[in-house]
Amino acid sequence: MNLQIQPEAASERAVEHDQLFFFITALTIFFTVVVGGILLFLAVKYRCTNSKVDRSNAPYHNTRLEVAWSVIPLLLAMLVFFWSTKQFISLTNAPKDATDIFVIGKQWMWHVQHANGIRENNEMHVPVGRPIRLTMISQDVIHAFYIPEFRLQWQVVPGRYTQMWFTPTKPGRYHIFCAMHCGAQHSEMGGYVYVLPQAEFQQWVENGGNRFQPQPKTMAEAGKQIWDKYACGSCHGPKDNERGPSLYALFNSKRKLKNGVEVVADADYIRDSIYNPAARMTAGYENTMSPYTKEQISEEQMLNVIEYIKTLGIAPSAPSGTTPTTPDPLTLRTSNEGDMTR
Amino acid sequence: MSAVAGPTVAPGPEERTNYLNKSHTIKSWLLTGDHKRIAILYLISVSFFFFLGSLAASMIRLELTSPTGTMMSSEAYNKMFTAHGVIMIFFFLIPAIPAVLGNFLIPLMVGARDLAFPRLNLASWYLYVLGGLFGIVAICMGGVDTGWTFYTPYSSLYSNSQVTLTICGAFVAGFSSIFTGINFIATIHKMRAPGLTWFKLPLFVWATYATSIIIVLGTPVVAITLLLVVAERVFHFGVFSPELGGDPVLFQHLFWFYSHPAVYIMILPGMGVISELIACFSRRKVFGYEFVAFSSLAIAGIGFLVWGHHMFVTSQSMYQGVVFSFLTFLVAIPSAIKVFNWTSTIYKGSVHWNAPFVWALGFMGLFLIGGLTGLYLGSLSTDVHLTGTYFIVAHFHYVMVGGTIMAFMGGLHFWWPKMFGRMYPDSWGKASAIITFFGFNFTFFPQFVVGYLGMPRRYHYYYFEPTWQVWHVLSTVGASILAIGFILPAFYLTWSIKNGKPAGPNPWGAKGLEWETDSPPPTENFRHPPIVTEGAYNYDPVADAEAVAKSAAKAGD
């Protein structure tokens, strides 16, 4: 197992921060070892059973010594203070040419909006090497937008905007966390920053916020673009996880619902579960998915999404029809949309 | 080390009437005005809350061994860490040293018959219990999930948990602190024995005095603030929520205006205890006595001007951040001075390695690390990365647990013979101190690392970064070692009340008025009111070492 003790440094500030961090670490280790060492040494040397040491004329004051041990720590503290404050002032003053991105925090997700109209959820795509300025606000309680690899965190407060900025230096995927306790799913209010090389970022913008496929050739590819746009995969991964059930090999499989009913995951089920997730919750999950409106995913696009979900695998032992094993009022009005799009 | 003077047993007056055997009825305890009995009532009640808070801590540590948790929902987890924080801070750390050791010792140390206002003292214990009951009822009715900081608008408008009840508990307990603080200030000013001038006072009295000033000035602010949260929550009286025209960051200012000084309420009395222990067990007057005394007051004063360092990454202006950071570095200096003075006190001393001294050394080790890691957080740039992460959790546990609890345990071991007239087995005391020290480092050091790696505090799940698991497993293993260090004293100390060797008035050969009366002391404290002629810590290390050598030679014959 590769034991990590340092997070990746992926922004200009992260590198500067770590220099200061290691300087303070050196001070901490030095003083802990020196003072702790002297303390133990004296406590052992002057143990009462040691009659060989000289205890006469023990001092109770030594002005020089006392001034020295007040002034030297003060000077070191001031050194750290000025060094640190210089970094802090620069991190509160974004360069004039910084690209603006807007962040809205709400229980328990991050909305990201780019000036060109691209919107993302729990993801933020940025180009490498360019200063980015975030303008942030909360829709409900206080959150904090935190990217450890950039060594950057700022509170996201309701009622007023806060700002922070960074220049990413390494392409890659980095965590976004919420670092201010904001309620039940605080620990899951996170996502990723994708730092892309300039050209790739340009293409991502041209594709309207899709990194992977410029011109969808098939419905499934178009569906995947929507899947990526709304970051469905951040909750619905290859395996069931805490956030949501896996949708791999979903199509035509039997699903056990929270109310005990078993249904077959046909096209209608999938469509309903996207427009109105609360209606048929999978057993073992709470209702944490926000419903998507028809403005976000049109009926046309919904068909594409269903096609894409089929490419994630179709349950092999599924019944040929879409008749549920247990009659469920919602699935009884099943049409054959799923088949039509095949 | 076996030659260290065993307790000098005074066989005679052991069964004389004292504050414990004077009366055995429950009524005589519940209506007592005796500061010593009230201290024992506090000892029992803070131990109970420490136990409750530790249970919550154990659940948290067990849950965090897995990235997806195993036992509870996120809602339950949030309530668990809130219960841990509220109980440990408001019902253990703040009252522990002042209300138990302070109550017992301040009148004895200043040579008084009791505190200035005995009935106010009893009232403060009842308020504490009432506040605690509010807290327990809140937990039984489903608990509270805001974290001990009650940040708005989550606490005022969003949380569906027992915020109001819990806040009432903290509010009432706050008045308990205020009563105690007023009592100490009045007693120290007006009731010192003849001849006991300010600069002859033990440093524990100085530290308690500084603490009382913070309590009396700071606690009303948090009391009002918490009431405003309740007003907003219950009556939708807009103060903190922008939806009602309020300002959420205002809450943080008001809250930390008290809660940062509250850190000093927890640690200053601990520093006072350490001064006593180091002086007694090195048989030396504390080096730079006046510096140490005034550094307590300096910490109390500057401590009121640094609250903004909890808010570097809020919407506070950059200039505010810079000023608060500067003042924070200043407040670090008096603490550093104390550590250097204690170390110098040992120089040319005659060091007795008894259990209280080992606890004191443990305090120094942990407080060094706790204090130095404060540099990372007082410094603006590093705080931007580390605030809100496990780094801060580790830091304040080093200061508050490593500092306050080690000092409390050290003080309890030191004055236990005075409180109950019996000795506990010294080797068990040393063993517990060492186990606690290692268990503590084992528990909290990994949290520095996982915090630097970027794990936010108050996270139930971390399946999205499973590499953190190893640090949490280490921490949980450490916590079980730590638990042993705390459970052991519960047994041998309780055992000693009935079965320990009689301690006699002064088992440690310590200076100070409290050691001149019986153990346990009579209700009136001193059979003859003392007159003070010598300064504090009038020890003679040379004579002490000679006496030790002589008794060792005798034992060798």
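**Ground rules**

This is a predicted model, in which local features need pLDDT of at least 70 and side-chain atom pairs count only at pLDDT 80 or more, while totals for chains, interfaces and linings use all residues. Residues are numbered from 1 along each chain as its sequence is written, chains are lettered from A and ligands numbered from 1 in the order in which they are written, and side-chain values use heavy atoms, with hydrogens and water left out.

**Stop 1: chain A**

Select chain A and colour it by secondary structure. You will find 8 helices and 12 strands. Helices here are DSSP runs of H or I with at least four residues, strands are runs of E with at least two, and both are numbered from the N terminus. Of the 342 residues in chain A, 51% are buried. Buried means under 20% relative accessible area, exposed means over 50%, and partly exposed lies in between, using a 1.4 Å probe and protein chains only.

Now look at contacts, meaning heavy atoms within 4.5 Å. Take the contacts in chain A between residues at least 6 apart in sequence: 62% of them join residues at least 24 apart.

**Stop 2: helix H4 of chain A**

Select residues 219-229 of chain A, which form helix H4. Which residues here are buried? They are A:Ala220, A:Ala222, A:Gly223, A:Gln225, A:Ile226, A:Trp227 and A:Asp228. Show strand S4 (123-127) and helix H6 (299-311) of chain A too; they are among the elements that cover these buried residues. Then step just past H4(A) to A:Ala231, where phi is positive, at about 55 degrees.

**Stop 3: where the chains meet**

Show both chains. The contact takes 90 residues from chain A and 95 residues from chain B. Together the chains bury about 8,000 Å², 70% of it on carbon and sulfur atoms. Buried area is the accessible area (1.4 Å probe) that two parts lose on being put together, summed over both.

How many salt bridges are there between chain A and chain B? The count is 2. A salt bridge puts a side-chain nitrogen of Lys or Arg within 4 Å of a carboxyl oxygen of Asp or Glu. Select B:Lys348 and A:Asp54 to see a salt bridge, with the closest N and O atoms 3.6 Å apart.

Next, colour helix H1 (12-45), helix H2 (63-91), strand S7 (152-156) and strand S9 (172-178) of chain A: each supplies at least two residues of the side that touches chain B. H1(A) gives the largest share, 20 residues.

**Stop 4: the nonpolar core**

A nonpolar core is a set of buried Ala, Val, Leu, Ile, Met, Phe, Trp, Tyr and Cys residues joined through side-chain atoms within 4.5 Å. The largest one has 244 residues. Select A:Met124, A:Leu134, A:Phe145, B:Phe363 and B:Phe408, which touch the most other members. Helix H3 (residues 74-110) of chain B supplies the largest share of this core, 22 residues.

Zoom in on B:Phe408. Leaving aside neighbours within four places in sequence, B:Phe408 is in contact with B:Leu43, B:Phe92, B:Ala96, B:Ile97, B:Val100 and B:Leu101. Then jump to a second, separate core of 22 residues, which includes A:Leu247, A:Phe251, A:Ile270 and A:Ile306.

**Stop 5: a serine in chain B**

Select B:Ser475 in helix H15 (residues 469-499) of chain B. Is B:Ser475 buried or exposed? B:Ser475 counts as buried because its relative accessibility is 0%. A polar atom of its side chain lies 2.7 Å from the backbone oxygen of B:Thr443. Not counting residues up to four places away in sequence, B:Ser475 touches B:Arg61, B:Phe442, B:Thr443, B:Pro446 and B:Gln447.

**Stop 6: two loops of chain B**

Start in the loop between helix H4 (118-140) and helix H5 (154-158), where B:Pro153 is found. A cis peptide bond joins B:Thr152 and B:Pro153, with omega about -5 degrees. B:Phe150 lies in the loop between H4 and H5 as well. Its phi is positive, near 50 degrees, and B:Phe150 counts as buried, at 0% relative accessibility.

Finish in the loop between H15 and helix H16 (541-556), the place of B:Pro520. Here a cis peptide bond joins B:Ser519 and B:Pro520, with omega about -10 degrees. Select B:Asn525, also in the loop between H15 and H16. Phi of B:Asn525 is positive, near 75 degrees, and B:Asn525 is buried, with a relative accessible area of 0%.

Technical notes
A polar contact is a pair of N or O atoms within 3.5 Å; within protein, one must be able to donate a hydrogen and the other to accept it, and residues adjacent in sequence count only if both atoms are side-chain atoms.
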